[in-house]
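Before reading on, take a moment to look over the chain from one end to the other. The report below goes from the overall picture to single residues and the pairs that they form.

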Amino acid sequence: MNSDRSVRAGKGAARPVVPAAERAELLASFDMVDAVVIFDEDTPAAIIAALQPDVLVKGADWAEDAIVGRETVATRGGRVVRTAVEAGYSTRQSSSGSRR
């Protein structure tokens, strides 16, 4: 999971809306999640290469060929899963300037 610094670097000074510790706690609460790692680099390439996950999940709003680490995971027989992004559940600012 992106650190607060890496989120700001990619999305601007007003981000993240939810701090890394809270995002990590939420993700870790899911039964299917074994561990949450916060990375501070601009991309997760190094941590994916180090951890060698069996499954890499990214939102379907990312093109498959743009998912960082997909080659690393696929090369060793792992799965890259693109999951649907649910409308109304984004922390992006809406066009009206309010956060959803």
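## Surface and basis of the model

Accessible areas come from the Shrake-Rupley method with a 1.4 Å probe, and for residues only the protein chains shown count as cover. By this method the accessible surface of the chain comes to about 7,000 Å², of which 52% belongs to carbon and sulfur atoms.

This is a predicted model, in which local features need pLDDT of at least 70 and side-chain atom pairs count only at pLDDT 80 or more, while totals for chains, interfaces and linings use all residues. Residues are numbered from 1 along each chain as its sequence is written, and side-chain values use heavy atoms, with hydrogens and water left out.

## Overall layout

The chain has four helices and two strands, where helices (H or I, at least four residues) and strands (E, at least two) are DSSP runs numbered from the N terminus. Read from the N terminus, the order of the elements is α-α-α-β-α-β.

Of the 100 residues of the chain, 19% count as buried; buried means under 20% relative accessible area, exposed over 50%, and partly exposed in between (1.4 Å probe, protein chains only). Among contacts (heavy atoms within 4.5 Å) between residues at least 6 apart in sequence, 41% join residues at least 24 apart.

## The loop between H2 and H3

Val37 lies in the loop between helix H2 (20-28) and helix H3 (45-51), and Val37 is partly exposed, with a relative accessible area of 33%. Leaving aside neighbours within four places in sequence, Val37 touches Met1, Ile47 and Leu51. Although Val37 and Asn2 are 35 residues apart in sequence, their C-alpha atoms are 8.5 Å apart in space.

## Salt bridges

How many salt bridges does a search of the whole structure find? The search finds five, a salt bridge being a side-chain nitrogen of Lys or Arg within 4 Å of a carboxyl oxygen of Asp or Glu. One of them joins the side chains of Asp42 and Arg5 (3.2 Å, N to O). This pair links distant parts of the chain, with Asp42 in the loop between H2 and H3 and Arg5 in helix H1 (residues 4-11), 37 residues apart. Asp42 is exposed at 58% relative accessibility, whereas Arg5 is partly exposed at 35%. Arg5, Asp40 and Asp42 are linked in a network of salt bridges.

Another salt bridge is formed by the side chains of Asp54 and Arg76 (3.3 Å, N to O). Here, too, distant parts of the chain are linked: Asp54 is in the loop between H3 and strand E1 (55-59), and Arg76 is in the loop between helix H4 (70-75) and strand E2 (79-83), 22 residues apart.
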